[in-house]
Amino acid sequence: MADVVLLDFWASPFGQRCRIALAEKGVAYEYSEQNLEQKSELLLRSNPVHKKIPVLLHGGRPVCESLVILTYIDEAWPEVAPLLPRDPYARAQARFWADYIDNKIVDCQTRLLTMKGEALEQAKKDMIGALKTLEADLGDKDYFGGEAFGFVDVAFVTLTPWFYTYEKYGDFSVEEHCPRIVAWAARCRERESVAKALTDPEKVYEIVQEEYGAN
């Protein structure tokens with residue numbers, strides 16, 4: 001087994017975070033595609049608590065949960081492309097916004113794709129509100145941390161291919177409500193690490209329709 005192995009699923013936005021971070025750091029690793037319907041013994045052994053991807057194996061030792069993995073990658077290979085700022089307050093703020101993305105945005109996404117009627121309308125309002133909150137934090141900056149692509153950008157950019165699906169299921173335009181978020185997403189996609197990792201938005205939509213049914 002290679003020194004660094006990523007147990008992942010090609011369409012997972014959470015696994016894509018890890019791929020982007022490893023690419024930014026220039027870390028060579030073995031990619032191990034996982035069948036989520038028939039989980040491998042290696043995955044079950046490496047993540048016995050949640051039994052899900054992604055899992056980073058470094059020297060045979062597993063690290064689980066994508067934001068934890070991002071922090072680990074940043075600390076294990078600190079010399080190149082730091083993801084988290086050095087300032088303790090700025091680091092805390094980055095972790096706060098990444099947690100917001102994993103809780104608020106992902107919750108809104110789940111409801112947007114599964115609800116109907118008034119519940120769907122509420123999910124739509126909540127999603128637009130959450131995106132506006134993130135846009136307010138982004139402001140006029142190139143990236144969430146300022147001039148440098150960093151932790152929050154990696155955490156959020158892998159959800160941007162899902163915007164097309166949000167729009168289809170929620171009947172709204174992300175760009176109309178949050179033009180700076182859309183411009184930021186386009187700027188991020190200019191990075192090779194991001195462009196190689198992200199799933200095509202129309203493919204995401206197809207996968208969602210297979211999972212949840214047509215909108």
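Phe144, Phe156, Phe163, Tyr166 and Trp184 come together as one aromatic cluster. The model is a predicted one, and every value below is computed from its atoms.

If residues up to four places away in sequence are not counted, Leu134 touches Trp97, Tyr100, Ile101, Ile105, Phe144, Phe156 and Ile181. Of these contacts, Phe144 and Phe156 also belong to the aromatic cluster.

The protein is divided into domain 1 (4–76) and domain 2 (88–212), and their centres, taken over C-alpha atoms, are separated by 21 Å. Across the boundary, 15 residues of domain 1 are in contact with 23 residues of domain 2. The two domains bury about 1500 Å² between them, and 64% of this area is on carbon and sulfur atoms. On the domain 1 side, Arg17, Ile20 and Leu67 lose the most area to domain 2, together 35% of what that side buries.

Charged groups also meet here: the count between domain 1 and domain 2 is three salt bridges. Arg17, already named for the area it loses to domain 2, has a salt bridge with Asp102, where the side chains meet at 2.6 Å, N to O.

Ser193 lies in helix H10 (residues 192–197). Is Ser193 buried or exposed? Its relative accessible area is 10%, so Ser193 counts as buried. Leaving aside neighbours within four places in sequence, Ser193 is in contact with Ile20, Ala23 and Glu24. Glu41, by contrast, is 152 residues from Ser193 in sequence and 29 Å from it in space, C-alpha to C-alpha.

The remaining topic is ring pairing. A pair of aromatic rings is described by the distance of the centres and the angle of the planes. How many aromatic pairs does a search of the whole structure find? The search finds 12. One of them joins Tyr72 and Trp77, which are edge-to-face, with 6.5 Å centre to centre and 85° between the planes. The two partners fall on opposite sides of the 20% limit for buried residues: Tyr72 has 24% relative accessibility and so counts as partly exposed, while Trp77, at 18%, is buried.

Tyr169 and Tyr205 form another edge-to-face pair, with 6.2 Å centre to centre and 80° between the planes. This pair links distant parts of the chain, since Tyr169 is in helix H7 (residues 163–170) and Tyr205 is in helix H11 (residues 201–212), 36 residues apart. Here Tyr169 counts as buried because its relative accessibility is 8%, and Tyr205 is buried as well, with a relative accessible area of 13%.

Terms used. Residues numbered from 1 in each chain as written. Predicted model: local features only at pLDDT ≥ 70, side-chain atom pairs only at ≥ 80, totals over all residues. Heavy atoms only, no water. Phe/Tyr/Trp six-rings, centres within 6.5 Å; stacked < 30°, edge-to-face > 60°. Buried < 20%, exposed > 50% of the residue type's maximum accessible area, 1.4 Å probe, protein only. Helix = DSSP H or I, 4+ residues; strand = E, 2+ residues; numbered from the N terminus. Contact = heavy atoms within 4.5 Å. Domains from an automatic or database assignment. Buried area = accessible area lost by both parts, 1.4 Å probe. Salt bridge = Lys/Arg side-chain N within 4 Å of Asp/Glu carboxyl O.
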